[in-house]
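Hello,

Here is the structure we talked about. Please open it first, then read my notes below.

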Amino acid sequence: MYVCVCKAVTDRAIRRAVREDGVTTLRELSRMHGVGTGCGKCVPEARRLLAEALAEAPARSLPPAAAVIEQVAVG
Ligand code: FES
């Protein structure tokens with residue numbers, strides 16, 4: 001199913017980005033796939049799917065806690 005019609009990004013692509021590319025934030029998803037960079041209507045659904053994919057992702061695909069803390073601190 002297309003989540004971002006403007007950039008032709010599917011729910012599967014978002015799950016893959018989390019699982020294989022280590023994407024953990026909407027910002028990263030936007031940089032890599034352009035999600036939300038067009039009309040922006042997909043942002044709430046992309047955010048929801050990202051959270052869902054992160055919850056399902058195996059621990060090894062998540063970044064080290066220090067990287068997450070640094071990301072939060074920097075913004
Ligand atoms: S649907 Fe994603 S930017 Fe328009």
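Contact here means that the C-beta atoms of two residues, placed from the backbone, lie within 7 Å. Buried means that 20 or more other C-beta atoms lie within 10 Å of a residue's own; exposed means 12 or fewer, and partly exposed is in between.

Two notes on the source. This is a predicted model: local features need pLDDT of at least 70, side-chain atom pairs count only at pLDDT 80 or more, and totals for chains, interfaces and linings use all residues. Residues are numbered from 1 along each chain as its sequence is written.

**The whole protein**

The protein has four helices and two strands. Their order from the N terminus is β-β-α-α-α-α. Helices (H or I, at least four residues) and strands (E, at least two) are DSSP runs, numbered from the N terminus. The protein has 75 residues, and 23% of them count as buried. Take the contacts between residues at least 6 apart in sequence: 56% of these join residues at least 24 apart.

**Back to α3**

Helix α3 covers residues 43–56, which is 14 residues. From its first C-alpha to its last it reaches 20 Å, close to the 20 Å expected at 1.5 Å a residue. The expected span is 1.5 Å times one less than the number of residues.

Which residues of α3 are buried? They are Ala46, Leu49, Leu50 and Ala53. Seen down the axis of α3, these fall within an arc of 105 degrees, so they line one face of the helix. The arc is that of the directions from the helix axis to the C-beta atoms. The face turned away from the buried side of α3 carries the exposed residues Pro44, Arg48, Ala51 and Ala55.

**Helix α1**

In α1, the buried residues are Ile14, Ala17 and Val18. Down the axis of α1, they fall within an arc of 90 degrees, so they too line one face of their helix. They pack against β1, β2, α2 and α3. Exposed Arg12 and Glu20 sit on the face of α1 turned away from its buried side.

**Two backbone angles**

Alanine 8 lies in the loop between β1 and β2 (9–10). Its phi is near 55 degrees, a positive value in a residue other than glycine. Is alanine 8 buried or exposed? Alanine 8 counts as exposed, because it has 11 C-beta neighbours inside 10 Å.

Best wishes
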